[in-house]
There are 2 protein chains.
Amino acid sequence: MPKLESMTSIRRFSLALLLAPAIAGAQAIPASTRANADKLLTAALADTLAWHRLAEMTDTYGNRLSGSASLEHAMDWILTGLKADGFANVRGEPVMVPHWVRGAESLTLHTPRETPIVMLGLGGSVGTPAGGITAPVLVVKSFDDLTAHAAQAKGKIVLFDAPFRTDLDPMAGYEATVVYRGNGAVAAAKVGAVAAIIRSIESFSIRSPHTGATRYDATTPKIPIAAISIEDAEMLHRMQERGQPMSLTLKMEAQTLPDAPSRNVVAELVGSEHPDEVVVISGHIDSWDVGNGAMDDGGGAFAAWEAVRLMKELGLKPKRTIRVVMWTNEENGGRGGRGYHDAHKAELGKHVAAIESDNGVFSPDGFRFQGSDNGLAAAQAIAQLLAPIKATKMEKGGAEADVGPIIREGVPGFALDVDDTRYFWFHHSIGDTMAVIDRAEFQRCIGAMAVLAYTLADLPQAIPR
Amino acid sequence: MPKLESMTSIRRFSLALLLAPAIAGAQAIPASTRANADKLLTAALADTLAWHRLAEMTDTYGNRLSGSASLEHAMDWILTGLKADGFANVRGEPVMVPHWVRGAESLTLHTPRETPIVMLGLGGSVGTPAGGITAPVLVVKSFDDLTAHAAQAKGKIVLFDAPFRTDLDPMAGYEATVVYRGNGAVAAAKVGAVAAIIRSIESFSIRSPHTGATRYDATTPKIPIAAISIEDAEMLHRMQERGQPMSLTLKMEAQTLPDAPSRNVVAELVGSEHPDEVVVISGHIDSWDVGNGAMDDGGGAFAAWEAVRLMKELGLKPKRTIRVVMWTNEENGGRGGRGYHDAHKAELGKHVAAIESDNGVFSPDGFRFQGSDNGLAAAQAIAQLLAPIKATKMEKGGAEADVGPIIREGVPGFALDVDDTRYFWFHHSIGDTMAVIDRAEFQRCIGAMAVLAYTLADLPQAIPR
């Protein structure tokens with residue numbers, strides 16, 4: 001049984017929880033901070049600039065794969081906008097990024113009928129010989145099924161028809177299935193396949209394949225790998241079940257070029273009392289080379305930008321520096337996040353928090369938090385400021401990829417948590433466009449990001465690590 | 001105030017309605033007919049053959065535009081299946097059909113950025129010169145908007161960005177918008193445009209354009225016309241609003257060849273008492289030349305087939321002949337329906353009813369009825385037999401296109417009425433595949449078609465015209 005002093009302390013803590021809207025961990029959220037957070041939220045809910053800027057950027061530059069001119073042109077456009085907004089210390093922080101290019105590609109079914117099949121090569125895949133690879137097809141349901149039919153795989157194109165786990169929540173369903181994208185080529189090559197195809201990692205499709213990064217290992221021959229839609233994977237599977245002979249020709253010009261220069265785009269609202277203490281608020285600018293990268297992750301990057309621009313517009317001067325970071329190379333390398341870690345290693349002790357949105361700017365529920373229990377308690381108090389938009393969720397969970405390297409150094413991490421029901425309808429596909437970005441949902445995401453970042457930067461003391 | 005005799009008649013009619021499950025208009029539905037209808041429904045709800053046959057046909061032959069080899073090969077396969085099932089009088093009834101071919105086609109945006117835009121030429125469109133048509137773009141919201149900007153249209157490619165009316169039910173929304181597909185080329189040519197593009201007539205898109213038939217008139221120059229997705233129409237519209245200069249190149253090899261031979265596929269279950277009296281049950285086999293035509297209208301055609309095959313399997317012998325008709329050329333000509341009318345004109349007086357499913361085999365609500373009030377009362381009584389699957393809706397409404405010519409001669413018409421919420425997500429697009437066909441919903445459609453056709457064929461008297 002605890003001593004009296006501890007009991008008092010527990011009672012005090014319970015009282016703090018009951019008064020959560022006014023208390024962040026051991027410290028009160030000052031009335032002025034609360035009032036400003038409320039103003040920010042109101043401004044975000046009326047915001048139209050971010051949607052129009054995101055539309056203009058994605059319409060004008062399109063998709064933005066690492067190494068592409070469109071990524072760098074989009075970054076130049078963003079840098080110009082940040083300067084026009086009056087941000088401080090606007091800059092591109094250089095990093096070298098992988099440079100994979102798709103080239104022309106096609107998949108053709110020859111028997112039982114001659115027809116093109118909509119496909120997307122996976123990012124990082126090797127190409128085929130110029131004449132393509134023509135081979136019969138072996139359809140398997142899983143890695144175990146491939147093992148069971150390993151003797152039939154030699155010389156074949158192996159299709160993994162592993163359905164998205166729709167019995168789980170969307171992100172868990174994705175994580176349970178995306179192993180086929182990551183490891184399909186290696187697994188198929190190990191049993192002698194000449195190429196691999198996956199059923200796209202998608203929860204719904206209108207005949208739309210989804211790309212994404214694949215991997216090779218050092219000891220297995222590299223074979224090309226591509227994705228097809230749910231519909232075509234199921235069709236080929238049915239053909240096999242019927243005993244219809246099937247052959248395919250896969251042609252891919254994909255290749256990996258030497259690393260290319262890119263940048264993390266950075267801009268600041270300098271803190272009024274502790275300019276050396278930093279709250280990072282972020283999303284990534286790079287995208288896959290299909291669609292327009294509006295959802296993944298233009299929306300997240302522009303929510304971060306707009307959250308801080310609104311502070312400037314309202315004349316808010318938080319105590320700590322808020323640093324907008326729009327990452328490069330989230331999709332196929334993570335060089336942006338690692339580059340930031342390396343360049344800012346000496347300052348990480350004074351990084352108060354790192355926020356990222358990278359699950360779409362759908363209706364926000366709140367944030368996932370990656371840090372200590374004390375940090376979580378402080379974060380939960382801040383989350384109560386988002387009660388007007390019902391985005392008060394603040395639970396332990398994984399942060400997003402780009403902030404990973406600095407979170408692993410002890411920086412408390414926050415990931416915007418949204419209703420991702422439709423995220424895997426569009427993710428890494430030609431369907432990732434502005435049509436996915438609901439204006440009202442985007443406004444609430446901007447509001448949630450702004451309130452969290454501002455409060456973290458304006459509290460009397462930094463939240464506990 | 002009515003006379004006593006009339007009052008009695010009204011009371012009698014009301015009583016008939018109250019006893020609706022047992023009465024068809026003035027006649028009772030015999031207990032044996034009711035029992036057999038119930039057996040049919042039970043069998044349909046356990047049916048798997050139709051789904052697998054539809055999958056095999058659509059997988060093996062793909063889409064089936066009028067004039068294509070795939071349509072005729074699919075018909076040969078169906079005829080073989082009908083004979084194997086033991087249907088009587090299995091035959092293809094010849095008709096000549098329009099023969100439009102798409103050829104290669106593309107749409108490329110040049111400014112503000114160079115990018116291909118996913119497109120589909122509209123059926124019946126003329127092609128472009130071999131080098132394509134390159135021109136600046138005028139985006140309009142409607143025909144009225146085009147009239148208001150007529151002076152700016154000369155030499156341009158006109159884009160009609162007219163959104164699908166999602167404030168209406170799906171079919172009404174379609175009908176309110178499809179005028180742009182039908183008349184867009186003529187309206188644009190009249191004001192000097194060199195080509196026309198429409199926002200696809202679709203209620204949801206994953207960057208998926210939808211084709212469909214367009215029209216020309218005799219006095220206006222024929223210009224090519226194509227469809228793009230919601231997403232790209234909105235993007236081009238935003239570019240115009242921003243003042244970004246836009247130019248496009250449209251290339252289409254589309255052409256109309258001489259009419260080609262095709263067939264209506266016909267098979268019968270011959271009536272035991274009145275073999276010369278006919279209930280037609282139908283759907284169309286032809287489709288657009290994209291997707292696999294599983295929803296539009298393979299599912300409807302195969303529901304008709306399976307409905308009657310189940311009667312044969314159960315050994316049912318209705319009094320009248322039930323004639324399965326799988327139409328050709330619904331999509332771009334209506335020659336199947338008109339050809340049947342012409343070939344069977346002398347028998348139409350003995351056509352008791354004509355049923356068609358052509359709105360997808362989604363969850364059925366019942367039927368729309370096109371005929372007299374007395375006919376409707378009889379039909380409503382039959383619909384009560386579908387209470388176990390909650391498909392008892394029987395209301396006046398338009399029948400489907402292929403049965404139109406014989407309905408206009410007085411044959412009572414029935415259209416399967418379904419939950420078409422998602423119909424215009426897939427219609428006339430590459431997304432029309434087996435993935436759209438829910439097995440349980442398809443079973444209920446087969447059940448509804450079977451019960452209606454059987455009862456109409458087995459009643460002591462034909463339902464009133």
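Let me start inside chain A, where the buried residues of helix α11 are A:Gly375, A:Leu376, A:Ala377, A:Ala378, A:Ala379, A:Ala381, A:Ile382 and A:Ala383, buried being under 20% relative accessible area, exposed over 50% and partly exposed in between, with a 1.4 Å probe and protein chains only. That makes eight of the 11 residues in this helix, which spans 373-383, and so α11(A) is largely enclosed by the rest of the structure. Helices (H or I, at least four residues) and strands (E, at least two) are DSSP runs numbered from the N terminus.

Please keep in mind that this is a predicted model, in which local features need pLDDT of at least 70 and side-chain atom pairs count only at pLDDT 80 or more, while totals for chains, interfaces and linings use all residues. Residues are numbered from 1 along each chain as its sequence is written, chains are lettered from A and ligands numbered from 1 in the order in which they are written, and side-chain values use heavy atoms, with hydrogens and water left out.

Now to the interface. Chain A and chain B bury about 2,600 Å² between them, 57% of it on carbon and sulfur atoms, where buried area is the accessible area (1.4 Å probe) that two parts lose on being put together, summed over both. On the chain A side, A:Asp59, A:Ile206 and A:Arg207 lose the most area to chain B, together 26% of what that side buries. The contact, meaning heavy atoms within 4.5 Å, involves 34 residues of chain A and 33 residues of chain B.

Four salt bridges are found across this interface, each a side-chain nitrogen of Lys or Arg within 4 Å of a carboxyl oxygen of Asp or Glu. In one salt bridge, the side chain of B:Arg238 meets that of A:Asp59 at 2.8 Å, N to O. The elements giving two or more residues to the side of chain A that touches chain B are α3 (49-61), α8 (230-242) and α13 (423-426) of chain A, and the largest share, eight residues, comes from α3(A).

Finally, a strand in chain B. Five of the seven residues of β16(B), residues 364-370, are buried, so this strand is also largely enclosed by the rest of the structure. β16(B) pairs in the antiparallel sense with β18(B), residues 413-418, over six bridges, and in the parallel sense with β17(B), residues 393-396, over four bridges; pairing requires that DSSP find at least two bridges between two strands. B:Phe369 stands opposite B:Phe414 in β18(B), whereas B:Gly366 stands opposite B:Lys393 in β17(B).
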